[in-house]
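Subject: Structure for your files

Hello,

Here is the structure I said I would pass on. My notes on it follow below.

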Amino acid sequence: MQKKWGDSVKLPGYYSSGEFARMANVSVRTIRFYDKQNILKPSYINASGARFYTDADLARLQQILLLKYLGFSLDDIREMTIDDADYHFMLNSLNLQLKLVQDRIEQMQLVEKAIEDTARAIEKDHDVDWSHMLNLIHLTNMEKSLKTQYQNATNISARIRLHSLYSVNPQGWFPWIFEQCGLRDGMRVLELGCGNGALWKENFEKVPQDMQVILSDVSEGMIRDARRMIGQEDARFQFETFDCHQIPHADHCFDLVIANHLLFYCEDIETVCREVCRVLKQGGRFLCSTYGANHMKEISQLVQEFDGRILLSADKLYERFGLENGGELLKPFFEDIELVRYHDFLMIDTPEPLIEYILSCHGNQNQYLLDRYKEFRSYVEKKTEKGFSITKDAGIFVASPKA
């Protein structure tokens with residue numbers, strides 16, 4: 001929170017611009033530049049206009065400098081950082097930055113190999129191998145994919161954290177989904193849209209030893225996260241990147257296909273259903289989760305009361321494939337369709353994880369909230385101080401392909 005005091009006031013824990021710049025090993029000019037760009041504002045301005053910073057500002061500066069080093073623009077950084085000293089935000093931010101650095105290391109290793117291969121080909125054949133050159137160009141133009149991956153990881157982390165901290169049901173969502181899978185030795189399983197692999201990480205000790213699990217996602221970044229989370233050494237798990245509209249596997253080769261909160265994102269749900277039917281064995285099962293119209297409705301109501309212009313999602317995904325209409329959409333392709341609901345709700349008593357969740361949504365909220373962040377935080381703090389209940393309306397469809 002930015003404050004102004006008299007010239008004579010100098011509170012412990014506050015650093016002048018010069019002190020702050022030396023601590024961070026940057027110039028005072030850099031600090032002033034980030035101030036003017038509204039990326040890093042001082043916490044304390046005295047009557048003479050002198051600026052002072054805190055340890056929380058230092059943590060935010062660390063985040064800014066790392067993102068700048070990794071190639072993000074100032075506009076990107078402004079969107080990707082949150083002005084809050086809460087340690088949950090800091091820890092979550094550091095974990096996400098670690099993933100981003102790991103991604104960049106992996107990508108730079110690929111660039112290194114591509115350069116070496118290209119150089120060897122030129123030395124050997126005295127000619128340019130254009131396939132190597134095109135691969136090299138592709139590998140050195142990855143900033144957009146890194147930004148997307150960082151934002152996707154941030155959004156997923158915010159959602160998981162809110163549910164894991166405040167769900168009333170002692171059996172979490174992923175253990176519940178895992179229980180519905182009915183896994184046993186000898187099964188061959190495909191998960192579509194696996195994200196960071198949380199379903200398997202949270203239930204790792206319960207996965208049968210004699211089975212094969214293929215984790216797939218359209219995002220290479222998500223597959224990297226899943227591979228890191230689960231590990232590459234376990235022979236039970238394989239990791240593949242592909243679009244679920246065209247599954248690159250033979251007919252009738254899986255006992256179970258899982259699509260956790262995926263179908264409502266698909267451009268052509270019918271095509272995905274046909275592909276799932278094709279790769280499932282006769283008697284195999286399709287387990288797909290979704291949510292209903294009442295899911296998390298109180299969060300939308302909360303932000304609308306703060307600013308009626310805010311829409312947390314431009315699309316009502318449950319209208320594409322939800323608890324209310326999912327059975328009918330599956331009927332042309334599947335039989336023995338069963339809806340199993342997950343009974344739970346959230347009870348939130350602190351503002352930060354709820355704010356983090358709101359900022360992670362795919363709507364227009366950042367356009368209206370980032371400039372009024374302190375005001376919004378106070379608003380959410382008042383809403384949550386006596387407990388804030390949020391409806392969860394989610395479940396799974398379990399079905400078998402038609403004969």
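How many helices and strands are there in the chain? There are 17 helices and 11 strands, where helices (H or I, at least four residues) and strands (E, at least two) are DSSP runs numbered from the N terminus. This is a predicted model, in which local features need pLDDT of at least 70 and side-chain atom pairs count only at pLDDT 80 or more, while totals for chains, interfaces and linings use all residues. Residues are numbered from 1 along each chain as its sequence is written, and side-chain values use heavy atoms, with hydrogens and water left out.

Of the 403 residues in the chain, 48% are buried (buried is under 20% relative accessible area, exposed over 50%, partly exposed in between, with a 1.4 Å probe and protein chains only). Among contacts (heavy atoms within 4.5 Å) with a separation of 6 or more, 79% join residues 24 or more positions apart.

The sheet

Seven strands form an open sheet with mixed pairing, in the order S7-S6-S5-S8-S9-S11-S10; two strands pair if DSSP finds at least two bridges between them. S7 (237-241) and S10 (334-348) are the edge strands, each pairing on one side only. From one strand to the next the twist averages 15° (axes are lines fitted to C-alpha atoms, for helices over the stretch in contact, and angles run from 0 to 180 degrees between N-to-C directions).

Within the sheet, S8 (residues 254-260) and S9 (residues 280-291) are paired in the parallel sense over six bridges. Leucine 256 has arginine 285 in S9 as its bridge partner. Helix H8 (residues 173-181) packs on the sheet and touches S8, S9, S10 and S11 (388-401), its direction making about 160° with that of S9.

Serine 400 sits in strand S11. Serine 400 counts as buried because its relative accessibility is 14%. A polar atom of its side chain lies 3.3 Å from the backbone oxygen of glycine 284 (a polar contact is a pair of N or O atoms within 3.5 Å; within protein, one must be able to donate a hydrogen and the other to accept it, and residues adjacent in sequence count only if both atoms are side-chain atoms). Leaving out residues up to four places away in sequence, serine 400 touches Gly284, Arg285, Phe333, Phe334 and Glu335.

Helix pairs

H12 (residues 297-306) packs against H17 (residues 373-384) at an angle of about 130°, with the axes 11 Å apart. H12 and H17 are therefore oblique to each other (under 35 degrees is roughly parallel, over 145 roughly antiparallel, 65 to 115 roughly perpendicular, and the rest oblique). Leu302, Val303, Glu305 and Phe306 of H12 make the contact with Glu375, Phe376, Tyr379, Val380 and Lys383 of H17.

H1 (residues 17-24) and H3 (residues 55-69) pack at about 45°, their axes 11 Å apart, and are therefore oblique as well. Here Phe20, Met23 and Ala24 of H1 meet Asp55, Asp57, Leu58 and Leu61 of H3.

Arginine 320

Arginine 320 lies in helix H13 (residues 317-320) and is partly exposed, with a relative accessible area of 35%. Its side chain reaches the backbone oxygen of cysteine 266 at 2.7 Å. Arginine 320 and leucine 263 are 57 residues apart in sequence and 8.2 Å apart in space, C-alpha to C-alpha. Not counting residues up to four places away in sequence, the residues that arginine 320 touches include Leu263, Cys266, Glu267 and Asn325.

Regards
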